[in-house]
Amino acid sequence: MVLNLEQADDRRRFRALVESALTELRVLEELGFEHVKVSLKASDVQRTVAAYRLLADAHKGLKQWENAFEDYNQSLKLNPDDAETYIH
């Protein structure tokens with residue numbers, strides 16, 4: 001299965017997963033936690049890769065470069081042949 005994050009239907013599928021992770025991160029930051037590791041899980045590897053890319057894009061948009069880099073790295077660990085991740 002090839003997922004195209006540029007298509008609205010594919011993007012919508014992962015938005016809830018990523019938004020939930022970002023909400024949890026905000027709560028943990030408010031509680032004073034500074035070092036938090038995010039682990040996303042979806043129904044298959046390609047969906048998990050897509051979710052990590054969306055999370056990385058969100059971190060990039062917030063100028064959280066280190067977090068974005070870690071998310072892109074996780075995406076590549078799961079699927080080293082994912083050309084879309086290399087483009088970002």
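What is the volume of the largest pocket? It comes to about 390 Å³, with volume taken as the space filled by probe spheres set on grid points that are joined across faces, edges and corners. Keep in mind that this is a predicted model, where local features need pLDDT of at least 70, side-chain atom pairs count only at pLDDT 80 or more, and totals for chains, interfaces and linings use all residues. Residues are numbered from 1 along each chain as its sequence is written, and side-chain values use heavy atoms, with hydrogens and water left out.

**Overall fold**

- The protein has four helices and zero strands, where helices (H or I, at least four residues) and strands (E, at least two) are DSSP runs numbered from the N terminus.
- Going along the sequence, you get the pattern α-α-α-α.
- Of the 88 residues in the protein, 32% are buried (under 20% relative accessible area; exposed is over 50% and partly exposed in between, with a 1.4 Å probe and protein chains only).
- Among contacts (heavy atoms within 4.5 Å) with a separation of 6 or more, 49% link residues 24 or more positions apart.
- The accessible surface is about 6100 Å², and carbon and sulfur atoms hold 52% of that (Shrake-Rupley method, 1.4 Å probe).

**The largest pocket**

- A pocket here is an open set of points on a 1 Å grid over the protein atoms alone, where a 1.4 Å probe fits, with protein on both sides within 12 Å along at least five of seven lines; lining residues have an atom within 4 Å of a point.
- The lining runs to 19 residues, with Leu25, Glu29, Val36, His59 and Asn67 nearest the centre.
- Helix 1 (8-30), helix 2 (45-61) and helix 3 (65-78) each give two or more residues to this lining, and helix 3 has the largest share with five.
- By type, the lining splits into seven nonpolar, five polar and seven charged residues (Ala, Val, Leu, Ile, Met, Phe, Trp, Tyr, Cys and Pro are nonpolar, Asp, Glu, Lys and Arg charged, the others, Gly among them, polar).

**The nonpolar core**

- The largest nonpolar core has 12 residues, including Phe14, Leu25, Val38 and Tyr52 (buried Ala, Val, Leu, Ile, Met, Phe, Trp, Tyr and Cys joined through side-chain atoms within 4.5 Å).
- Helix 1 and helix 2 are the elements that give this core two or more residues.
- Leaving aside residues up to four places away in sequence, Val38 touches Ala21, Leu25, Tyr52 and Leu55.

**Two residues to look at**

- Asn67 sits in helix 3 and is partly exposed, at 30% relative accessible area.
- Lys63 lies in the loop between helix 2 and helix 3, and is exposed at 60% relative accessibility.
- Phi of Lys63 is near 60 degrees, a positive value in a non-glycine residue.
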